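Dear colleague,

I am handing over the structure we spoke about, together with some notes on what came out of the analysis. Please look it over before you read on.

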Amino acid sequence: MKIVRTVRELREQVRGARAGGSARVGLVPTMGALHEGHISLVRAAQRDVDFVVMSIFVNPKQFTEASDLDGYPRQEEADAALAESAGVDVIFAPAASELYPEGFATNVHVGGSLTETLEAAGRGPQHFDGVATVVSKLLIAADPDAAYFGQKDAQQLLVVRRMVTDLGLPVEIVSCPTVRDSDGLAKSSRNVRLSDADRARALAIPRALEAAEAALALGETSTAALHARAAAVLSAAGIEPEYVACVDTHALEPVDVVDQPVLLAIAARVGEVRLIDNTLLTLPGAEAQLDPEEK
Ligand code: AMP
């Protein structure tokens with residue numbers, strides 16, 4: 001496995017892989033501090049493509065709090081070992097100056113409700129500009145056939161899909177299911193910053209999602225009622241969520257009834273750590289996929 005730091009070296013690697021003619025290339029964008037969630041994206045890529053590029057870049061443009069950026073875990077050696085054992089072909093780990101050289105003045109902005117709701121409230125409207133700008137740079141640099149994103153960051157995934165569609169970028173955006181610890185907590189690089197007590201309290205987040213799923217399975221389709229179930233579980237654990245939202249999977253606009261797939265999304269600060277999680281609420285027999293018709 002090679003680790004490259006410049007776009008030029010990355011392009012050489014991808015060109016080399018494609019030299020035989022038919023090799024398909026996949027990109028797995030990450031911010032490092034790798035865990036099984038990231039590795040599941042690598043596995044999904046390996047099922048589809050011949051050559052897997054993983055980017056590791058803590059993108060300053062998508063952080064709106066300096067303390068979150070400073071405190072973000074960085075562990076490149078351990079990441080490289082894990083990526084190599086998972087069979088990643090190339091890691092692209094650029095310095096910030098490689099992606100944002102002196103004088104950088106371009107911003108990729110996806111407009112509309114997709115970038116104005118949910119995470120935009122807590123993280124600021126610039127958050128998704130940072131995401132869209134870096135992902136477009138990574139896609140242009142690696143020129144992959146497919147790029148792999150986790151459903152855990154559902155809004156990010158939909159924003160990236162919108163951008164790729166709107167710009168006509170020739171890449172398939174693949175959505176991968178959320179990987180959880182055995183107790184249900186969604187894997188996240190930020191989990192290492194939770195104290196033991198806060199980690200235990202954070203379990204209320206997946207339990208809140210499960211409570212809504214269970215109520216839906218018993219026939220409750222009113223999102224107000226499902227919202228109330230989830231909120232009650234959080235409140236019993238002393239968690240005051242930033243949002244609990246039942247939204248459609250196209251524009252992320254509120255919906256009243258589960259008569260189509262509904263994204264139930266939660267963001268909450270537990271101790272110092274901001275966590276997000278979600279589930280797709282679907283009626284029995286419906287396809288549980290994030291916005292499948294846009295694929
Ligand atoms: P991050 O390094 O947190 O920016 O995440 C990089 C990619 O991994 C994003 O597409 C995330 O949605 C995805 N990801 C993060 N956590 C998980 C998880 N628990 N399960 C599946 N994918 C994940």
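This is a predicted model: local features need pLDDT of at least 70, side-chain atom pairs count only at pLDDT 80 or more; totals for chains, interfaces and linings use all residues.

The space that the ligand takes up is the largest cavity, and the shell around the ligand is made up of 17 residues, of which Met31, His38, Asp153, Val179 and Lys187 are the closest. Sorted by class, that shell holds seven nonpolar, seven polar and three charged residues. At least two shell residues come from each of β2 (25–30), α2 (36–48) and β5 (146–150), with α2 giving the most, namely three residues.

As for polar atoms, an oxygen atom of the ligand lies 2.6 Å from a polar side-chain atom of Asp153, and an oxygen atom of the ligand is also found 2.9 Å from a backbone N or O atom of Gly150. On the nitrogen side, a backbone N or O atom of Val179 lies 2.8 Å from a nitrogen atom of the ligand. The ligand taken alone exposes 480 Å², and the protein buries 93% of that.

The remaining point concerns Gln155, which is part of helix α8 (residues 154–167). Is this residue buried or exposed? Gln155 counts as buried because its relative accessibility is 4%, where the cut-off for buried is under 20%. A polar atom of the Gln155 side chain lies 2.7 Å from the backbone oxygen of Leu114.

With best regards

How values were computed:
Residues are numbered from 1 along each chain as its sequence is written. Side-chain values use heavy atoms; hydrogens and water are left out. A residue is near a molecule or strand if one of its heavy atoms lies within 4 Å of it. A polar contact is a pair of N or O atoms within 3.5 Å; within protein, one must be able to donate a hydrogen and the other to accept it, and residues adjacent in sequence count only if both atoms are side-chain atoms. Accessible areas come from the Shrake-Rupley method with a 1.4 Å probe; for residues, only the protein chains shown count as cover. On a 1 Å grid over the protein atoms alone, a cavity is a set of points where a 1.4 Å probe fits but cannot get out, and a pocket is an open set with protein on both sides within 12 Å along at least five of seven lines; lining residues have an atom within 4 Å of a point. A molecule sits in a cavity or pocket if more than half of its atoms lie within 2 Å of its grid points. Helices (H or I, at least four residues) and strands (E, at least two) are DSSP runs, numbered from the N terminus. Ala, Val, Leu, Ile, Met, Phe, Trp, Tyr, Cys and Pro count as nonpolar, Asp, Glu, Lys and Arg as charged, and the others, Gly among them, as polar. Buried means under 20% relative accessible area, exposed over 50%, partly exposed in between (1.4 Å probe, protein chains only).
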